[in-house]
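Subject: Handover of a structure and the findings from it

Dear colleague,

Please find below the structure that I am handing over to you. My notes on it follow directly after.

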Amino acid sequence: MSWFESLILGLVQGLTEFLPVSSSAHLRLTAAFSGWEDPGAAFTAITQIGTEAAVLIYFRKDIGRIISAWTRSLADKGMRGAPDARMGWLVIVGSIPIGVLGVTLKDQIEGPFRDLRITAAMLIGMGVVLGFADRLAARDESGGRHRAAKQRKTLQDLGVRDGLIYGVCQAMALVPGVSRSGATISGGLFMGYRREAAARYSFLLAIPAVLASGLFELKDAAEGGHVSWGPTIFATIIAFGVGYAVIAWFMKFISTKSFMPFVWYRIALGVLIIVLVGMGVLSPHAGEPAH
């Protein structure tokens with residue numbers, strides 16, 4: 001991997017990690033459109049450490065409170081009902097599905113799941129799901145001529161059942177094209193949560209999974225020597241800086257705006273991929289030349 005490739009891929013990772021458009025799909029597609037080799041699941045996982053570092057800094061006050069309250073709740077039973085302590089436990093509970101499936105489906109994640117036809121189908125399918133979730137939230141928030149606006153849930157209402165459902169939604173993002181934030185935010189909206197609440201828990205929930213995946217890939221890469229360390233570290237740093245700016249923008253955006261621009265973008269991109277693969281312009285498999 002060249003330094004220029006790492007610069008572009010780092011920018012793509014930072015720009016798309018927190019938006020509901022799938023960063024793994026965009027890394028795969030950027031390489032395919034540019035005629036570069038597929039950066040691979042290991043590169044994606046390692047550069048995500050950079051974007052998760054941005055999450056740690058942006059939400060540092062929330063994370064500090066949660067860790068402190070959760071740690072104290074281990075010894076003090078009276079603390080276990082505190083909102084921050086509960087959130088700590090709910091992040092752990094919500095991380096179980098992706099932990100189990102990530103280990104179980106590792107070979108598929110690094111191989112068959114990276115087929116561009118699957119990526120295109122996931123971009124379109126999850127785009128439609130996000131669109132329905134967005135319309136449902138908008139209907140509740142605005143009400144109607146004969147219907148009052150409906151009060152949506154906040155993170156204070158989050159329980160074990162909803163935490164597990166969020167976790168299952170997050171695990172779907174193991175397939176490129178789904179989008180971690182898109183799947184979890186959609187799940188939250190369908191369960192009746194406010195947009196900001198769904199996004200905040202989505203970002204907090206991603207921290208253990210992404211850091212664990214990145215560190216796991218770092219270990220494998222160190223032992224196997226199959227990663228270009230200089231460009232990969234450079235891309236991770238770029239992803240961190242860009243990712244931080246995107247989080248700040250996105251948290252403001254979702255408080256007043258619809259997700260529909262992302263929905264139409266996902267559908268259009270998915271259709272474009274299907275057309276280009278069908279015409280032989282793009283090969284659906286990494287490492288294979290187009291026809």
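A residue is called buried when its relative accessible area is under 20%, exposed when it is over 50%, and partly exposed in between, with a 1.4 Å probe and protein chains only. This is a predicted model, in which local features need pLDDT of at least 70 and side-chain atom pairs count only at pLDDT 80 or more, while totals for chains, interfaces and linings use all residues. Residues are numbered from 1 along each chain as its sequence is written, and side-chain values use heavy atoms, with hydrogens and water left out.

Surface patch

By the scale above, Val-128 is partly exposed, at a relative accessible area of 37%. This residue belongs to helix H7; helices (H or I, at least four residues) and strands (E, at least two) are DSSP runs, numbered from the N terminus. Together with Val-129, Phe-132 and Phe-190, Val-128 makes a nonpolar surface patch of about 360 Å². Patches are made of residues with over 30% relative accessible area and no salt bridge, like charges being joined within 9 Å and nonpolar side chains (Val, Leu, Ile, Met, Phe, Trp, Tyr) within 5 Å. Accessible areas come from the Shrake-Rupley method with a 1.4 Å probe, and for residues only the protein chains shown count as cover. Helix H7, residues 116–142, gives the most to the patch, with three residues.

Salt bridges

Side chains of opposite charge can pair when their charged atoms come close. A salt bridge here is a side-chain nitrogen of Lys or Arg within 4 Å of a carboxyl oxygen of Asp or Glu. The structure holds eight of them.

In one of these, Asp-62 pairs with Arg-200, and their closest N and O atoms are 2.6 Å apart. Asp-62 lies in helix H4 (residues 60–75) and Arg-200 in helix H10, so this pair ties together parts that are 138 residues apart in sequence. Asp-62 is buried, at 17% relative accessibility, whereas Arg-200 is partly exposed at 27%. Both belong to a network of salt bridges that also links Arg-65 and Asp-84.

Another pair is Asp-115 with Arg-117, where the closest N and O atoms are 2.8 Å apart. Asp-115 counts as buried at 9% relative accessibility, and Arg-117 as partly exposed at 45%. Asp-162 and Lys-153 likewise meet in a salt bridge, at 3.1 Å from N to O. Here Asp-162 is buried, with a relative accessible area of 5%, while Lys-153 is partly exposed, with 24%.

Pocket and cavity

Rolling a probe the size of a water molecule over the atoms shows where empty space is left. On a 1 Å grid over the protein atoms alone, a cavity is a set of points where a 1.4 Å probe fits but cannot get out, and a pocket is an open set with protein on both sides within 12 Å along at least five of seven lines; lining residues have an atom within 4 Å of a point. Grid points are joined across faces, edges and corners, and a volume is the space filled by probe spheres set on the points.

The largest pocket holds about 700 Å³ of space. Its lining has 30 residues, and those nearest the centre are Gly-102, Ile-109, Leu-174, Ala-209 and Ser-213. Two or more lining residues come from each of helices H2 (23–34), H3 (40–58), H5 (83–104), H6 (106–110), H9 (180–190) and H10 (195–224). Helix H10 supplies the largest share, seven residues. By class, the pocket lining has 13 nonpolar, 11 polar and six charged residues; Ala, Val, Leu, Ile, Met, Phe, Trp, Tyr, Cys and Pro count as nonpolar, Asp, Glu, Lys and Arg as charged, and the others, Gly among them, as polar.

There is one cavity of 30 Å³ or more. Residues that line the largest cavity include Glu-17, Phe-18, Arg-180 and Phe-203. H10 gives the most to this lining, with three residues.

Backbone

Two serines have a positive phi. Phi of Ser-22 is near 80°, and that of Ser-179 is near 90°. Ser-22 lies in the loop between helix H1 (3–16) and H2 and is buried, at 2%. Ser-179 is in the loop between helix H8 (160–171) and H9, and is buried at 3%.

Yours sincerely
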